Amino acid sequence: ALIRILAATEAFSAEELGVALELIDYGLADDKRGYLFAVATREDRVLGYACWGDTPLAEAVYDLYWIAVDPAAHNQGVGRALLEHAEADVIARNGRMLLIETASKPSYDATRAFYLRTGYAEIARLPDYYRDGDDKVIYQKRFGRGPVQKKS
C-alpha cells in the first residue's frame, strides 16, 4: 500500500522512490536503525505514512525523512495528522526541533506550502543542490523546551 501511495503522488523520482522503499524495509525489520514510522488508515485502507528519526550528532534534533499521502485522501487532514503525530513523538522524546529537507522542484510546490501552513519556517536554501534549478530547502519547527542545563 505504501508503494502504491508513493507512486500515486507522482512527486518522487525513481531514485527517491528507491530511498523511500529502503527506509520502509528498515521499518519492517527488527533493526529499524533509528527510523520511526506512523501509518494512517481509515477502515483498513492505508492513506499515508510518515518516517522520522533523531539526527546523529545533534542534541535533541529530529529529521522528518518522508511523509506521503494518497492523492485520493489529500485535503482531508491526513498529512496534518501524520505530521502532528511525528511532532508529538519528538516532543515526548524531549526533542527540541524537527527539521525537514526537501527540494524546490515544481512537483514539491504543494508539499512546501503544507510545511509553511503547519508552522514550519524556511531556514535555509541551498541553490542548485540537487541539480541546476532544484534547490535544497530546509524547514524547521522548534518545540517549547528550555535550554539544556549544564552540569557543574
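**A helix across the sheet**

Helix H3 (residues 78–92) lies across S1, S2, strand S3 (61–69), strand S4 (97–103) and strand S6 (134–142), and runs at about 160° to S3. Helices (H or I, at least four residues) and strands (E, at least two) are DSSP runs, numbered from the N terminus. Axes are lines fitted to C-alpha atoms, for helices over the stretch in contact, and angles run from 0 to 180 degrees between N-to-C directions. The model is predicted: local features need pLDDT of at least 70 and side-chain atom pairs count only at pLDDT 80 or more, while totals for chains, interfaces and linings use all residues. Residues are numbered from 1 along each chain as its sequence is written, and side-chain values use heavy atoms, with hydrogens and water left out.

The sheet itself is open and has 6 strands in the order S1-S2-S3-S4-S6-S5, with mixed pairing. Its edge strands are strand S1 (35–42) and S5, each of which pairs on one side only. From one strand to the next, the twist averages 25°. Two strands are taken to pair if DSSP finds at least two bridges between them.

S1 and strand S2 (residues 45–54) are antiparallel and share 8 bridges. Val-39 has Tyr-49 in S2 as its bridge partner, and Tyr-49 in turn stands opposite Ala-68 in S3. S2 and S3 also run antiparallel, joined by 7 bridges. The pairing of S3 with S4 is parallel, with 4 bridges, and there Asp-63 has Leu-99 in S4 as its bridge partner. S3 is largely enclosed by the rest of the structure, because 8 of its 9 residues are buried. Here buried means under 20% relative accessible area, exposed over 50%, and partly exposed in between (1.4 Å probe, protein chains only).

The hairpin of S2 and S3 has 6 residues between the strands, and Leu-57 in this hairpin takes a positive phi near 70°. Thr-55 belongs to the loop between S2 and S3. At 16% relative accessibility, Thr-55 is buried. Apart from neighbours within four places in sequence, Thr-55 is in contact (heavy atoms within 4.5 Å) with Val-61, Tyr-62 and Asp-63.

Further along the sheet, Gln-140 lies in strand S6. Its side of the picture is again an inside one: Gln-140 counts as buried at 17% relative accessibility. With neighbours within four places in sequence left aside, the contacts of Gln-140 are Met-97, Leu-98, Leu-99, Gly-119, Tyr-120, Ala-121 and Ile-123.

**Charged pairs**

Side chains of opposite charge can pair when their charged atoms come close. Across the whole structure, a search finds 10 salt bridges, each being a side-chain nitrogen of Lys or Arg within 4 Å of a carboxyl oxygen of Asp or Glu. One of them joins Arg-4 and Asp-70, at 2.8 Å from N to O. Arg-4 lies in helix H1 (residues 2–8) and Asp-70 in the loop between S3 and H3, so this pair ties together parts that are 66 residues apart in sequence. Arg-4 is partly exposed, with a relative accessible area of 40%, whereas Asp-70 is buried at 5%.

Another salt bridge links Asp-109 and Arg-112, whose closest N and O atoms are 2.4 Å apart. These two residues are 3 residues apart in helix H4 (residues 109–117), which means that about one helical turn separates them. Asp-109 is partly exposed at 42% relative accessible area, while Arg-112 is buried at 11%.

Arg-131 and Asp-134 also meet through their side chains in a salt bridge (2.9 Å, N to O). Arg-131 is partly exposed, with a relative accessible area of 46%, and Asp-134 is buried, with 4%. Salt bridges that share partners also join Arg-4, Arg-45 and Asp-70 into one network.

**A nonpolar patch**

Which residues form a nonpolar patch on the surface? Leu-126, Tyr-129 and Tyr-130 do, with about 290 Å² of accessible area together. Patches are made of residues with over 30% relative accessible area and no salt bridge; like charges are joined within 9 Å, nonpolar side chains (Val, Leu, Ile, Met, Phe, Trp, Tyr) within 5 Å. Accessible areas come from the Shrake-Rupley method with a 1.4 Å probe, and for residues only the protein chains shown count as cover. Leu-126 is found in strand S5 (residues 121–131), and at 35% relative accessibility Leu-126 counts as partly exposed.
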